[in-house]
Each structure stands twice: as C-alpha cells, then as structure tokens.
Amino acid sequence: LRATTFAYEPCTAQLTTNGKADNTVNVRGTATCNSFSSYRLSYNGVTVAESSIPVIDDILGVLDTTTLDDGMYILKLEVSDTLGNVYEDNSVIIVQNFELLGVGNALNYLKGSEAVRGRIHLANYQAYKVQYQPENSGTWQDACFVNGVAASDILCTIDVSSFPEGIYYFRISALKNNKLVSSKPLKTAVFRSLIDGWPVEI
C-alpha cells in the first residue's frame, strides 16, 4: 500500500482593518489553513474574540472602542494549527471618539473667558466633562460637568483670567455605562497680555 501524504500548508493570519475607529468596529480579516485549530483576536493583550471556526475575508470579531480612551492600539491576530504552530498578524487602529477642536478663538492662546469647542462621537453616552491640567501637575481638574449630551460644538466656557501664565492641557471625558473615557489632551497657553484678535490663523 502506498502511504498518502499531504503537503503542509502554513496558516494564513491576515488583518485588513486598520486606521481611525470610533464606537463599535467590525474587525475583518482571514484566519484559515488545512490544519486550522483556532484563532484569537486581541488588542494590547486584551482578548476581543476567540474561535475554532476558520474565517476567510470576513468578520473576526467586534471591537467596542467606547470603553477605550482615544489613542493608538495594536490589533493582533494569532492563528494556531493542529501541530501547535502559531501565525500572527498585527495592525494599528486609532480610536477617535472625541474631537477637541480648540479652546478660545486665538489658536489656543488664552487670557479670559474662553469657549471649549469639541465633538463627542460616542453613541448613547450619559454625561461629559471638560478638564484641564497645568503642565507637569499630573492632576486633572474639572472645568465643567454636563449631565446629558452636548447640544453644540461649544461644550463649555472657562474663565482663565486668574490662572498663572503658562502651559495648560485640556481634554474631554464622557461617561458611558459607568465608565469614563477621555480624548487625547490638547495643549494651550495662558498669556494674559495677549492682544485682542491675535494670533490669527493665516
């Protein structure tokens, strides 16, 4: 009798989802081979999905970004075969559930009562707040808290006229399902001798 042999085929581990993301994201890709055992999808070590069913150019799992702060995350796909081999692929997603458009109307140079402008893309959040932090302080302080959703791009107004001059960071935080998530900080400067109407964007 002639022995039947099968050519070994390495598994395919391929992620096709990358770039900017908000709310929930269908992570697509391929996890398959003729000796397929299972796959695991994760970000920064946190499991998103696991399955023993191969996937070919379809949804591997659903990532809920509403529990994540804005920023960069590494997606990782691990595909295992029955021989114990593991094949990997990685991609980068940039979570952006917030847009902090600016503080004041002088290119983020501040001196008096200034409007904080931004947008919140989270679906069904319960409340939000704007926070600020002097450079190197390590402590966020609330500029305002709103129980409900933002009615416009102007999220709140803050009076910085009594602040010491220097660098300040602002961020937006929103409450959803009892978890607070935040935007990336925006750098501003308090400069009380600023001339009205200056600087301007050209």
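**A cysteine pair and what lies around it**

Author: Let's start with Cys33, which is buried, with a relative accessible area of 11%. Buried here means under 20% relative accessible area, exposed means over 50%, and partly exposed is in between, with a 1.4 Å probe and protein chains only. Keep in mind that this is a predicted model: local features need pLDDT of at least 70, side-chain atom pairs count only at pLDDT 80 or more, and totals for chains, interfaces and linings use all residues. Residues are numbered from 1 along each chain as its sequence is written, and side-chain values use heavy atoms, with hydrogens and water left out.

Cys33 pairs up with Cys11 in a disulfide, the two sulfur atoms sitting 2.1 Å apart; the cut-off is cysteine sulfur atoms within 2.5 Å. One disulfide is the total count. Cys11 is buried as well, at 8%. Cys11 belongs to the segment before strand 1 (12-15), while Cys33 is in the loop between strand 3 (24-32) and strand 4 (36-43), so the bond ties together parts that are 22 residues apart in sequence. Strands are DSSP runs of E with at least two residues, numbered from the N terminus.

What about other cysteines? Cys144 counts as buried at 14%, and Cys156 does too, at 9%. Cys156 also turns up among the contacts of Val116, together with residues including Leu100, Val130, Ile158 and Phe170; contact means heavy atoms within 4.5 Å, and neighbours within four places in sequence are left aside.

That brings us to the packing. A nonpolar core is a set of buried Ala, Val, Leu, Ile, Met, Phe, Trp, Tyr and Cys residues joined through side-chain atoms within 4.5 Å. In the largest one, with 24 residues, Val116, Ile120 and Phe170 touch the most other members. Among the strands that each supply at least two residues are strand 9 (98-103), strand 11 (113-120) and strand 15 (166-176). Strand 15 gives the largest share, four residues. Apart from this core lies another, of 21 residues, including Ala13, Phe36, Tyr43 and Leu77.

Two loop residues are also worth a stop. Thr65, in the loop between strand 6 (55-64) and strand 7, counts as buried at 0%. Not counting residues up to four places away in sequence, Thr65 touches Ala21, Asp22, Asn23, Val25, Val95 and Asn97. Ser183 lies in the loop between strand 16 (179-182) and strand 17 and is buried at 7%. The C-alpha atoms of Ser183 and Asp69 are separated by 6.2 Å, though these residues are 114 apart along the chain.

Now for the charges. A salt bridge is a side-chain nitrogen of Lys or Arg within 4 Å of a carboxyl oxygen of Asp or Glu, and the structure holds seven of them. Arg40, Lys76, Glu78 and Glu88 are linked in a network of these. As for accessibility, Lys76 is partly exposed at 27%, Glu78 is buried at 17%, and Glu88 is partly exposed at 45%.
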